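Let's walk through this structure together, beginning with a sheet and moving on to its aromatic rings.

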Amino acid sequence: MIRKRTLVLMLAGLWLTAGVHATEPPITLLQGFGAGGNADTIARIVAQGLGKEFGRTVVVDARTGAGGNIASTAAAKARPDGSTLILMTGGHAVSAAMYRSLAFDPVDDFEWLGLVTRFPFVIATSSDSRYKSLSDVLAAAKAAPGQISYSSVGVGSTQHLSGELFQAMAGMRLNHIPYRGGGAPVQDVIGGRVDLLFDSVTVAKAQVEGGRLRALGVTSLAPSSLLPGVPPAAGSVPGFEVMSWTAVAAPRGLPPEVSARLRARARTGAALAGGRAATREHGRRGRRAGGRSRGAGLRPVADRQVEAGGPRRPHRTTVSRRPTRAPGKRQHMISSSTTAFDILVVGYGPSGATFANLMARRGLRVAVVDQASGIYDKPRAITADQEAMRVFQECGLAEQIAATTSPHPGTDFVGIEGQVIKRFYPAPPPHLLAWEPTWMFVQPELEATLRRGLEARAGVEVFLGHAFEGCEQVGDEVVARCRRLADGADIRLSGRYLVGADGGRSAVRRQMAAGIEDLAFDEWWMVVDAWLRGPVDLPARCVQYCRPSRPGTYIVGPDDLRRWEIKLLPGETPEDFSTDEAVLAVLADFVDTASLELHRTAIYRFHALVAQSWRRGRMFLMGDAAHQMPPFLGQGLCAGIRDAFNLAWKIDGVERRGYASSLLDSYEVERKAHVRTVVSHAKAFGLIIGELDEQAARERDSRLGDQLAAGTAVTVRQKFIPPLEDGFLGRLPDGRLAPGAGDLFVQPWVRDGVVVGGGHRRLDDLLPSGFLMVGSDPEAPAWLSAAHAARWQRIDGREVRVTRDDRPPRHAPGVLTVCERDGLVAQQLRALDATLLLVRPDRYVFAAVRTAGNSKTCWDSSSKASSRPPTRAWPGGRKRRPPEPRPPNEPHSRPRRPA
């Protein structure tokens, strides 16, 4: 990293000579690129140093887009009173040539205060890439023009122009993939979704040294000591050279005395003396402030993270000072050592931690607030499914989580006489999502893994022991008020979005004034976790004891953990079970307790509730804050994980990929309908298990027993999880859902010809993060017209070709070609009588397409991800009615017809 003392002293010296005092308005440091990138890293180091030096609020304001020109416009129009600075990058210098009309003059509208750094770029690819050198890239690009892609932080950026210059001088054609700044361009190259990276040594150096990127060349004419052994690109493309820089500027028109002092300071070199070694730690050449450093020891914001059980080191967040609102300026109410974030997450349970991982993985800066100081150790969720594990796979944590789980053995429902009246088993192999269909886990272990995963990501800050007190939406951001419980200090955090994942008593939900829809289920149950400490006669499967005398549930947990859920009878209260003796007495109705060691006991009031509103402006609800369900389907945690992925890809699309903000409306439309159906199923199972009337229970036993004997009972657990029913899904010309729309896309085990030894991998590990066009017919993509192809590329659409495992993969330029082991994709295509599947970033099918004639409608609607609002009514304008609860033997289904 850049040695922070260099930047701290440089700008601290400038501000000291300018005579700025702590009583003046807060300093706003503008920068034009997203979280995790080069400009963002430097700007945040500068802001932290200034906040420490002067005890003032310093806000890094990321105005992303247009290659930094949005930030430059804001800086040029800001009042020249010393309260606004901007971190300029090399892309600023090319704006006059790139754009015919700018809202600012790139030179005359700014006071240039000093050069911060000067550095070369590096050309890099994934460490798993087939390209071992620039010669390999040149040969492949000339053989297949336009098929090799490279990423940049935006059109007109120095990264973009570096790639354009390189291909022009090399006489070839590359495919430019622009992002809206941040670390996402690097992550997509590491993941193999984009082929090449042109970026600063700052961004790439750590990834190269860590073995995740392979450096092919540096853009200086001579080798760089910052990346020893990496040859200059000029060796392959003679004369090719790119050097970039960062500098600090202010709006033109500073008071003469301030301007004179700043310029004099720069001229004497006292504040901006040259020095290469000062920035070598950060991986680039730079300028260093002269004199003694007072900023040594500062750490970036991203370093402030926590261990799973508590703070990793003390948080350095200070008490905020409410800044004076400057006329015409946005008010940033955050602490002097805390900068603005992209995402604020309130609640650090599984839903919040998963969402934070998904957002941080995409390069967004995330703050997580939770009033607890550690992981909650009481018994809660113990069962989850394949879809939740697939989301954890997207987080890069599935293998770690799976290592501590065990497969669900299935559940038998036992009637009054001890007979099996219903079976409820996981789906048999082959597993459609390449994970166990249902699995058992220990929630504190799961949460610890999710938190460790978050700690490993840059741009994340966790505030444990902080209570959310409220928030306000100011322009395009949300400002949250939090209270540090240790000393009552007032903390202010700012983000572009705030997500409430703070549980059933959600403070965020109260802030949003979101009402609650009660689905009429309200029962007290005791949950007991115990360890087996000797031989115990217990069933091999989970059991639902459907007996009116004392309904209960037995669950086979991982290793020697066992759980019992026991219904409280009329007249009993939670206080009746406040001692271990009372718990063991009622537990004895189900098991010999002599060889059990009680681990945890809690009494819960099982509800069936759904929030009436899940969004208010830039605020969202997810997890238990948005819905609560009885545990009889094992879907409470899974529903929150689905919420996280659904919202994550949509915010990512709006923030980084240019999708319209109206896409965010589909979050509530899709998830609310889906979770209502799941809750209704869970409620129906709860009513079966908890029946207290003996006559009604005997009639139930007879009815369900007959269905089981006749083979008409649905016994597969996954059959009760519905597809998406509304929202951003493909539609036919008459407004009906397209075939397959809303189904989960399968995940087969595949090989791509690159895996050492020809082994198989899960498909998602090879897939890019955007929309997919999946099929086996190499001619089908030719159905796209030029306009459709351009729109498909605009929404980051990629082609995936899946063939049979007995055929060697035949790679095509720009196409991910794999061979599947079990024929799951082929089976899904056959079931829908389709040739192609259009798949959303969250791996739900957007539409199944059969022929060229009907493909236009589906492609039109998929390419409108950047413009189409979600569907809110059935055809003909009738408002959509909530789904009716289905009996437990009637899983969700709908007819499928080819498009």
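Seven strands make up an open sheet with mixed pairing, in the order 33-32-36-35-34-37-38. Strands here are DSSP runs of E with at least two residues, numbered from the N terminus, and two of them pair if DSSP finds at least two bridges between them. At the edges are strand 33 (761-762) and strand 38 (845-849), each pairing on one side only. Strand 34 (residues 772-775) runs parallel to strand 35 (residues 798-804), with four bridges; Met-773 has Glu-799 of strand 35 as its bridge partner.

A word on the source: this is a predicted model, where local features need pLDDT of at least 70, side-chain atom pairs count only at pLDDT 80 or more, and totals for chains, interfaces and linings use all residues. Residues are numbered from 1 along each chain as its sequence is written, and side-chain values use heavy atoms, leaving out hydrogens and water.

Now to the rings. The structure contains 26 aromatic pairs, meaning rings of Phe, Tyr and Trp (its six-membered ring) with centres within 6.5 Å; planes under 30 degrees apart are stacked, over 60 edge-to-face, and the rest tilted. Phe-119 and Phe-121 are stacked, because their centres lie 6.1 Å apart and their planes at 20 degrees. Both are buried (under 20% relative accessible area, 1.4 Å probe, protein chains only).

Tyr-497 and Phe-620 are tilted, because their centres are 6.4 Å apart and their planes at 45 degrees. Tyr-497 belongs to strand 23 (residues 490-500) and Phe-620 to strand 30 (residues 619-621), so this pair ties together parts 123 residues apart in sequence.

How values were computed:
Buried < 20%, exposed > 50% of the residue type's maximum accessible area, 1.4 Å probe, protein only.
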